[in-house]
Amino acid sequence: MSTRTPPRTFHVKSFGCQMNVYDGERMAELLTAEGMTATDVRENADLVVLNTCHIREKATEKVYSDIGRLRREDGTTPLIAVAGCVAQAEGPEIMARAPSVRVVVGPQAYHRLPQMVAAAVAGGRETETDMPAEAKFAALPKRRKSGPTAFLTIQEGCNKFCTYCVVPYTRGAEISRPFADLVDEAQALVDGGAREITLLGQNVNAWTGAAPGGRAIGLAGLAEALARIPDLARIRYTTSHPADMDDALIAAHADNPKLMPFLHLPVQSGNDRVLKAMNRSHSAESYLRLIERVRAARPDIALSGDFIVGFPGETEAEFADTLAIIDAAGYAQAFSFKYSPRPGTPAAAMDGQIAPEVMDERLARLQDRINRDQLAFNRASVGRRCTVLVERRGRQPGQWLGKSPWLQSVHFSDEAAIGDLVEVDLIEAGPNSLSGRRVVQPAA
Ligand code: SAH
Ligand code: SF4
Ligand code: F3S
């Protein structure tokens, strides 16, 4: 047993999805409340928290190489804590394989991080991967400061059990945070400077709750309540599952002016046999009908998706159906991945695992289409006037960077400040961003 002096500085590094980013912020707030100071320079930190992702193999391997890289020249290491989904899935393996790790804490237990760090300082090695679900949020400090855009986790976990996916195992069963807590946290974020809030969940549109008075509501009802916060200008949500896209949420895209015209709705594959083997509860056709209904409510909505290429048994013809659904759906952007067998998931044991070269080739073809469509979407925005929420300075002097309602990055040069909502005429489009001219307001 080796004791240490208590850490004074810390560094949290988050991998993976936006929910991990949110968790990383909350862990930083907890450690700050304990009197520690955040540092951007990982080498100088007394405590390093690696907030990990387990979704694909590479993500897991990265954790071990990161742990190795934390060793200093004199052979010492900072106090290392491994949090997140790899901690949940492989806690004991991490402890066995990486003796320098002193704390392993799962995504539902990180409210206990300060006590665990204290126990590690006293010489222990601590593991906590219980899933008490709601206990965590109640134990976290109130939110105080925020940039112009903020994340707010409203729902956690997943009951869908897609056959390739580890999330139901690492994050546990679906839970929805209570309505009143969410309204309070959103208000605190807005008071702290947020103008835009992105509501997060592994299945964010599966959120359910009770409005004051007890009426059962879904995500549309929550967004309606949050829209009443005066200084909150924009509401987004991610990630949605097609099965939970109800009529009220579709209607909200027509009726709630603060709900941004953007929908991330993963389809994964365009082939019904593959979708069935993935245990997705939709077909290619039902997905396309669903986005038709969303577009009827909000014609300018920007659609985003996720794709997996090389799922076990995927034939060339089945892959061609995925290319076809991309053409039919018309995405503004999308994420695409090579299938990665995950330990303990049904798909990892399926016949017909696809060779890496085949996956590489399919991924390249798929990404060509997505890039083509993304550029086309951005080009079609040229000539539009839109509101941009200013997030930060651009690379060039005098330049600012923000997001359009359709989640495009927009550069412009003019007077502005972070957090401003400015009117911009979009004049030029590239694959990843647009440039525009700020509309000069006539003097009042
Ligand atoms: N809950 C969300 C997404 C969670 S994971 C949803 O269902 O849409 C984010 C994305 O990672 C998934 O949409 C999927 O495209 C991808 N993914 C998940 N497991 C994977 C695996 N084993 N191999 C490759 N990609 C995977
Ligand atoms: Fe994973 Fe499917 Fe759940 Fe999404 S819906 S988190 S892909 S199991
Ligand atoms: Fe990764 Fe866990 Fe998110 S596996 S994608 S960090 S839910």
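Biologist: Which residue of strand 10 is the bridge partner of L152?

Modeller: L199 is the partner of L152 there. Before we go on, this is a predicted model, where local features need pLDDT of at least 70, side-chain atom pairs count only at pLDDT 80 or more, and totals for chains, interfaces and linings use all residues, while side-chain values use heavy atoms, leaving out hydrogens and water. Residues are numbered from 1 along each chain as its sequence is written, with chains lettered from A and ligands numbered from 1 in the order in which they are written.

Biologist: What makes strand 7 and strand 10 a pair?

Modeller: Two strands pair if DSSP finds at least two bridges between them. Strand 7 and strand 10 (residues 196-200) share five bridges, in the parallel sense, so they meet that rule. The strands themselves are DSSP runs of E, at least two residues long, and helices are runs of H or I, at least four long; both are numbered from the N terminus.

Biologist: Why are strand 7 and strand 13 called edge strands?

Modeller: Strand 7 (149-153) and strand 13 (234-238) each pair on one side only. They belong to an open, parallel sheet of three strands in the order 7-10-13. From one strand to the next, the twist averages 25°; such angles run from 0 to 180 degrees between N-to-C directions of lines fitted to C-alpha atoms (for helices, over the stretch in contact).

Biologist: What holds the strands of a sheet together?

Modeller: In general, they pair through backbone hydrogen bonds, either parallel or antiparallel.

Biologist: How do you know which contacts with ligand 1 are polar?

Modeller: A polar contact is a pair of N or O atoms within 3.5 Å (within protein, one must be able to donate a hydrogen and the other to accept it, and residues adjacent in sequence count only if both atoms are side-chain atoms). A backbone N or O atom of Y164 is 3.0 Å from a nitrogen atom of ligand 1, and a polar backbone atom of Q202 is 2.7 Å from a nitrogen atom of the ligand. A side-chain N or O atom of D306 lies 2.6 Å from an oxygen atom of ligand 1. Each distance falls within the limit, so these pairs count as polar contacts.

Biologist: How much of ligand 1 does the protein bury?

Modeller: Taken alone, ligand 1 exposes 540 Å², and the protein buries 90% of that. Areas come from the Shrake-Rupley method with a 1.4 Å probe; for residues, only the protein chains shown count as cover.

Biologist: Why does ligand 1 lie between two domains?

Modeller: Domain 2 (142-260) and domain 3 (273-379) both give residues to its shell, so ligand 1 lies between them. The domain bounds come from an automatic or database assignment. In all, 15 residues surround ligand 1, the closest being Y164, Q202, Q268, D306 and S340. A residue is near if one of its heavy atoms lies within 4 Å.

Biologist: What classes make up the shells of ligand 1, ligand 2 and ligand 3?

Modeller: Ala, Val, Leu, Ile, Met, Phe, Trp, Tyr, Cys and Pro count as nonpolar, Asp, Glu, Lys and Arg as charged, and the others, Gly among them, as polar. Ligand 1 has six nonpolar, four polar and five charged residues. Ligand 2 has seven nonpolar, two polar and two charged, including C158, C162 and C165. Ligand 3 has four nonpolar, four polar and one charged; C17, C53 and C85 are among them.
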